[in-house]
Amino acid sequence: GGKMVVEQTYVGVAAREDRVTPLTSEIGVYAVLGFVAGPSVGALFAPLNLDYGRWRVDEFTAPGYFVGLLCVAMMVACYLTFNPSDGYAKPFQGHKLERRLSHSLASPSIGASPRTNVVRRTTQRRPDAVGLAVCLGAFFAHFYSFAIQETITTPFVTARYGWSQRRVDTLFAGVSVLSLVTSVLVAELSNRWSDYDLLVLSLVLGFAGSLVLLDPPLWPAQLGEARFLAGFALITVAFPFGRNVALATFSKVLGPCDQGEWMGLMFVVGALPRCLGPSWSLYALQLACVLFPHPAPCPKGGRTCLEFGISALIFGATLVTV
């Protein structure tokens with residue numbers, strides 16, 4: 001979480017405004033690539049079973065050591081090659097990130113005096129509150145729907161459709177690839193479409209996916225496998241659009257100010273459904289059977305109408321404010 005806040009804050013203050021959305025989307029591509037490649041890398045350590053006294057390297061501990069070494073390598077590479085006051089990594093003089101910093105990045109260590117910083121902060125314009133609220137709402141809506149979908153999928157499809165764990169794993173592998181393709185598409189479309197169009201598209205996709213995942217009494221027919229997969233795919237596609245565009249738009253609405261605290265707030269808003277989602281989403285499946293007892297009996301796995309009805313309501317309300 002902290003790493004993403006720092007990255008997004010730097011993009012917001014160091015890049016040209018027309019480059020904020022493409023750069024945010026490119027960062028999203030690498031984030032999704034990690035989700036896709038992570039299980040494959042972990043599988044490489046499965047055969048390991050080494051014991052060095054108190055140090056044990058096996059399929060459970062090796063991924064932790066690997067990630068630790070990657071973090072150390074990243075810190076060393078960042079220290080040796082990256083100078084934030086230049087706005088680009090030293091070995092890559094032609095990088096897309098332009099050599100421009102916002103006044104808000106200036107500090108005594110970079111060359112500005114504390115007195116200068118005070119003057120700059122007092123002359124900064126106040127960001128548009130409605131625009132910030134819309135971006136926060138869109139961010140929350142996408143993380144809420146994605147967290148619910150991510151949590152309930154395994155127990156729901158196992159109970160409702162009798163899926164095996166292998167079939168569930170195949171589904172998640174497929175949507176990981178779909179997320180990666182969508183993230184690349186967002187990066188390309190951000191050079192051609194406006195942020196407003198992309199944000200509206202993400203909300204429409206999320207709203208449609210939430211509606212498709214409803215079951216009785218809010219939908220006339222039971223949620224079958226085909227409709228479940230369609231809704232799953234819509235929310236999966238909507239998430240990269242919404243996350244990347246909402247972040248970039250939020251940064252642009254903020255303008256030249258100290259964006260770190262604001263970006264921290266935005267990721268807190270996104271973290272709330274990720275924290276509450278696992279407990280709430282599984283509970284809501286059974287709670288819906290109590291609130292909506294008809295048609296009886298309650299299907300295996302519970303009813304999805306409550307949580308995805310709330311998701312559709314959040315998407316719809318945010319879409320109206322846009």
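Colleague: In which helix does threonine 318 lie?

Modeller: This is a predicted model, where local features need pLDDT of at least 70, side-chain atom pairs count only at pLDDT 80 or more, and totals for chains, interfaces and linings use all residues. Residues are numbered from 1 along each chain as its sequence is written, and side-chain values use heavy atoms, with hydrogens and water left out. Helices are DSSP runs of H or I with at least four residues, numbered from the N terminus. The run at residues 305-321, which holds threonine 318, is helix α10.

Colleague: Is threonine 318 buried or exposed?

Modeller: Buried means under 20% relative accessible area, exposed over 50%, and partly exposed in between (1.4 Å probe, protein chains only). Threonine 318 has 8% relative accessibility, so this residue counts as buried.

Colleague: Which backbone oxygen does the side chain of threonine 318 reach?

Modeller: A polar contact is a pair of N or O atoms within 3.5 Å; within protein, one must be able to donate a hydrogen and the other to accept it, and residues adjacent in sequence count only if both atoms are side-chain atoms. At 2.8 Å, the side chain of threonine 318 reaches the backbone oxygen of isoleucine 314.

Colleague: Where does α5 bend?

Modeller: The bend at a residue is the angle between axes fitted to the seven residues ending there and the seven starting there. In α5 this angle is about 50°, and proline 155 follows within four residues of the bend, which is at threonine 153.

Colleague: How many of the 33 residues of α5 are buried?

Modeller: Helix α5 covers residues 129-161. The helix is mostly covered, and its buried residues number 24 of 33.

Key
Helix = DSSP H or I, 4+ residues; strand = E, 2+ residues; numbered from the N terminus. Expected span 1.5 Å × (residues − 1).
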